[in-house]
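Subject: Structure handover

Hi,

Here is the structure you asked to take over. My notes follow below it.

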Amino acid sequence: MKVLLWKELLEQWRSYRLLAVAAVLGVMGILGPLTARYMNELMASIPGTPEGLEAVLPEPTVDLAVAELTDNLAQFGLILALLIPMASVVGEKHSGTAGLTLSKPVSRFAFLLAKLLALLVTFAIGVGIGLGAGYTYTGMLFAWLPPGGFLVLGCGLLLYLLFYGSLSLLASTLMRSQLAAAGMAFGLTLVLGLLGTIPVVGTYLPAGLPGWGRAAATGLAVETPWKALVAALVLIPGLLLAGWGALRRQEL
Amino acid sequence: MTAIRVEGLRKEFHRIVALDGLSFEVASGTVFGFLGPNGAGKTTTLRILAGLARPSAGQAWVEGHPVGPESPSRQALGYLPEEPRFYPWMTATEFLRDYIAGLFGLPASKARQRTTELLELVGLKDVARRRVAGFSRGMRQRLGLAQALMNEPRVLLLDEPVSALDPAGRRDMLLLIEALRSKAAVLMSTHILDDVERICDRVGIVNHGRMVAVEERQALLDRYATPWLEIEFRSEAAKVKAWAETLRPVAGVADVSTREAQVRVRLEGTDGSDQQVLGLAVASGMSVESFQHARPTLEDVFLRLVGTGGEVRP
């Protein structure tokens with residue numbers, strides 16, 4: 001297991017995936033508070049901006065900065081969480097490296113678990129950098145917020161992204177091509193997005209986790225979304241087990 | 001002691017039957033040549049033994065353990081696929097020392113020692129720190145063999161192990177496989193009949209997923225090889241050809257072919273018809289340059305059993 005995890009982490013590093021996640025989330029972390037602070041001035045400076053637009057645009061506040069930061073990290077993080085693991089299993093099955101590895105005395109569960117743990121490490125680093133950058137810029141441009149709230153936001157975002165990463169990993173295990181895996185991962189994400197609009201179902205979906213983190217980061221007293229939290233903590237290992245069940249039956 | 005046992009193995013891919021009741025055994029300390037035309041089921045058999053595919057029916061054992069995706073038999077197994085693939089971003093040393101040795105749970109000192117030994121053995125010492133992405137097909141096959149030997153396997157499965165190597169590399173690899181005989185049971189699938197003749201103790205010929213012959217190499221040659229005569233004249237090719245045609249009705253002659261002034265005569269048996277053909281050659285009026293019994297080859301056996309169209313000829 002340790003060897004498989006080492007291989008996955010080295011692959012994340014050498015294939016520049018870790019760098020890409022860190023760079024994208026880092027830039028998005030900076031852009032959140034920056035756009036909140038300067039959007040109005042930027043719009044006003046553009047020639048031909050309709051009169052009265054300034055009145056429509058929200059006032060730059062610390063709440064807006066944290067909201068922008070959260071949205072940026074959640075949206076771009078989601079795309080990365082779907083893209084990064086998309087080829088991790090199906091690609092290895094196609095290239096033959098999965099067969100070479102699994103002809104050795106390692107379990108197929110460990111093979112998948114290593115991939116999930118590497119994803120966790122990659123996104124923990126990415127979210128950490130994004131939030132670190134966002135926290136610093138929010139502090140410099142607006143006000144310094146208690147770091148504890150940002151820690152909650154980080155955990156919420158990480159769980160949310162890991163859930164979609166697990167979904168993509170499952171698609172990569174089930175499908176026979178990267179394209180099909182991509183289609184399945186994006187399709188399921190769309191279905192979950194639609195289901196989330198139904199209030200009764202929405203409370204159980206991990207999509208509520210970034211919002212909870214955002215409220216905590218701005219110091220608002222909000223109720224912990226236990227249903228979404230427990231659902232994410234159950235679904236992530238559940239998706240891993242589903243992938244294992246499928247991989248056990250597959251021929252390599 | 002039996003290292004590999006295969007019993008009634010059947011494998012269907014949708015409606016295509018790849019293996020149809022295949023059975024054989026490989027004893028420890030022997031090299032077993034697994035021969036067959038393309039699509040005969042050799043690679044499928046090796047993949048089942050390596051735990052990468054499941055049989056539709058039947059069973060196989062490696063060192064007494066039933067094979068399968070999570071089988072403990074993999075601890076004793078070395079497997080070289082036909083086209084071994086690697087992580088292109090790893091160096092050869094990282095792949096062997098840190099990855100493969102780690103998968104077998106070797107301690108760090110042992111992993112280092114085995115990696116040095118194996119890189120030397122397969123001739124990759126000079127490129128040990130180079131990334132695999134830049135390796136040629138032959139270098140990949142050598143690295144593939146090195147990874148298959150990492151755990152000092154008691155059972156070694158080699159799928160076309162010399163197909164990508166140049167003549168010198170092929171010779172080295174065959175010597176290496178031959179040297180492994182005392183340490184492991186080797187099951188080697190190949191198309192190159194010369195290699196099988198050179199190093200295999202036993203030979204199994206598979207066709208359409210069935211074992212059509214499995215025997216000691218020499219016993220197989222004795223049993224199935226057709227007696228051949230090669231006669232070379234010092235004469236014009238046209239005259240030689242005309243004389244060769246007169247042999248066709250002769251009792252005991254199965255087939256006749258000519259090339260320039262050389263005649264090849266396939267006999268139906270060893271019942272004295274060779275003496276009759278010799279007499280006819282001498283009586284032909286042409287000068288006989290040479291007359292010899294051709295050494296039966298595994299190719300003769302293979303072609304007789306499998307046929308050029310893949311049909312079994314009993």
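Which residue in β10(B) stands opposite Val203(B)? It is Glu215(B). Keep in mind that this is a predicted model.

**Chain B overall**

Chain B holds 10 helices and 14 strands. Its C-alpha trace spans about 75 × 45 × 35 Å along the principal axes. Of its 314 residues, 41% count as buried. Take the contacts in chain B with a separation of 6 or more: 65% of them come from residues 24 or more positions apart.

**The four-stranded sheet**

Another open sheet in chain B has four strands, in the order β12-β13-β11-β14, and its pairing is antiparallel. Its edge strands are β12 (253-259) and β14 (287-294) of chain B, and each pairs on one side only. Neighbouring strands are turned by 20 degrees on average, direction ignored.

Strand β11 (residues 228-234) of chain B is joined to β13 (residues 262-267) of chain B by five bridges, antiparallel. Ile231(B) has Val263(B) in β13(B) as its bridge partner. Helix α9 (residues 273-282) of chain B packs on this sheet and touches β11, β12, β13 and β14 of chain B. Its direction makes about 165 degrees with that of β14(B). Helix α8 (residues 237-245) of chain B lies across β11, β12 and β13 of chain B, at about 175 degrees to β12(B).

Six bridges join β12(B) to β13(B), again antiparallel. Arg259(B) stands opposite Gln262(B) in β13(B). The hairpin of these two strands has two residues between them, and there Glu260(B) takes a positive phi near 55 degrees.

**Other positive phi values**

Most residues other than glycine have a negative phi. Two more exceptions are worth a look.

- Tyr16(A) has phi near 65 degrees. It lies in the loop between α1 and α2 (17-45) of chain A. Tyr16(A) counts as exposed, because it has 11 C-beta neighbours inside 10 Å.
- Glu152(B) has a positive phi of about 45 degrees. It lies in the loop between α4 (137-149) and β7 (155-159) of chain B. Glu152(B) counts as partly exposed, because it has 13 C-beta neighbours inside 10 Å.

**A helix pair in chain A**

How do α8 and α11 of chain A pack, and at what angle? Helix α8 (residues 147-174) and helix α11 (residues 209-217) of chain A meet at about 175 degrees, with axes 7 Å apart. The two are therefore roughly antiparallel to each other. Contact residues include Phe150(A), Leu153(A) and Leu157(A) of α8(A), and Leu209(A), Trp212(A) and Arg214(A) of α11(A). By class, the contact has 12 nonpolar, three polar and one charged residues.

**Cores**

The largest nonpolar core has 145 residues. Leu161(A), Val155(B), Leu157(B) and Val186(B) have the most contacts inside it. Helix α8(A) gives the largest share, 14 residues. Leaving out residues up to four places away in sequence, Val186(B) touches Val31(B), Phe32(B), Leu156(B), Leu158(B), Ile177(B), Leu180(B) and Arg181(B). A second, separate core has 12 residues, among them Phe233(B), Trp243(B), Val265(B) and Val277(B).

**Between the chains**

In the interface, 22 residues of chain A are in contact with 22 residues of chain B. On the chain A side, α1 (2-14) and α6 (97-102) are the elements that give two or more residues. That side divides into seven nonpolar, eight polar and seven charged residues.

Best regards

Methods: Residues numbered from 1 in each chain as written. Chains lettered and ligands numbered in written order. Predicted model: local features only at pLDDT ≥ 70, side-chain atom pairs only at ≥ 80, totals over all residues. Pairing = 2+ DSSP bridges. Axes fitted to C-alpha atoms, helices over the stretch in contact; angles between N-to-C directions. Contact = placed C-beta atoms within 7 Å. Parallel < 35°, antiparallel > 145°, perpendicular 65-115°, else oblique. Nonpolar A, V, L, I, M, F, W, Y, C, P; charged D, E, K, R; others polar. Buried ≥ 20, exposed ≤ 12 C-beta atoms within 10 Å, placed from the backbone. Core = buried A, V, L, I, M, F, W, Y, C linked by C-beta atoms within 7 Å.
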